[in-house]
Amino acid sequence: MDDRLRRDDLTDDEWGRLAPLLPAHARRGNRWADHRTIIDGVFFRTRSGCPWRKLPDTYGNWKTVYNRHRRWSSDGTWETILGELRGGSGDGGNPGPAAGPPGDIRPGALFEVANW
C-alpha cells in the first residue's frame, strides 16, 4: 500500500471517537463497506480536491464513497460528528448562544414578520 495515501488517514484514537457516532449498517441488502475506509476516502478527496471519479482505489469504489458522503450529508451524520468533535458535549452540535455571532446576521432577518 502506498504510504503517501495513508499517512493522513484516521488514527486508531480518532477512529475510536468517530465510530460510535456513525449510523449502524443497513438491515437490508448487502453489508456496507467499512465506514473507516469511506471516511478516509472523503477526507482524501476533500484535502486533494480531486474529482470523485479520480479517487484512488485504496478507498474503495468512488461511487460508494460519494453515495455514503451524500447520505450522511442529508441525514445529519456529518453535523453530529462535527458537534461532538467541536465541544464533545453530545448535544448534536448545538454550540449554545456564546459560540455564535451576536444576533441573526442573515440579510433578510431584520425584515421578517416575526421581528416586527
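Colleague: Before we start, how are residues numbered, and which pLDDT do local features need?

Modeller: Residues count from 1 along each chain as its sequence is written, and side-chain values use heavy atoms, with hydrogens and water left out. As this is a predicted model, totals for chains, interfaces and linings use all residues, side-chain atom pairs count only at pLDDT 80 or more, and local features need pLDDT of at least 70.

Colleague: Happy with that! How many helices and strands does the protein have?

Modeller: Both are DSSP runs numbered from the N terminus, helices being H or I with at least four residues and strands E with at least two. From the N terminus on, the elements run α-α-α-α-α. The count is 5 helices and 0 strands.

Colleague: What share of the residues counts as buried?

Modeller: Buried means under 20% relative accessible area, exposed over 50%, and partly exposed in between (1.4 Å probe, protein chains only). Of the 116 residues in the protein, the buried share is 23%.

Colleague: Let's look at aspartate 9. Is aspartate 9 buried or exposed?

Modeller: Aspartate 9 sits in the loop between helix H1 (3-6) and helix H2 (12-18). Its relative accessible area is 9%, so aspartate 9 is buried.

Colleague: Which side chain does the side chain of aspartate 9 join in a polar contact?

Modeller: A polar contact is a pair of N or O atoms within 3.5 Å; within protein, one must be able to donate a hydrogen and the other to accept it, and residues adjacent in sequence count only if both atoms are side-chain atoms. Here the contact spans 3.3 Å, and the partner of aspartate 9 is tyrosine 59.

Colleague: And arginine 47: which residues is it in contact with, leaving aside neighbours within four places in sequence?

Modeller: Arginine 47 lies in helix H3 (residues 35-48) and counts as partly exposed because its relative accessibility is 42%. Its C-alpha atom is 9.5 Å from that of aspartate 8, 39 residues away along the chain. With contact meaning heavy atoms within 4.5 Å, the partners are Asp8 and Asp9.

Colleague: Last one: which residue forms a salt bridge with arginine 36?

Modeller: A salt bridge is a side-chain nitrogen of Lys or Arg within 4 Å of a carboxyl oxygen of Asp or Glu, and the structure holds 1. In this pair the closest N and O atoms are 3.0 Å apart, and the partner of arginine 36 is aspartate 12.
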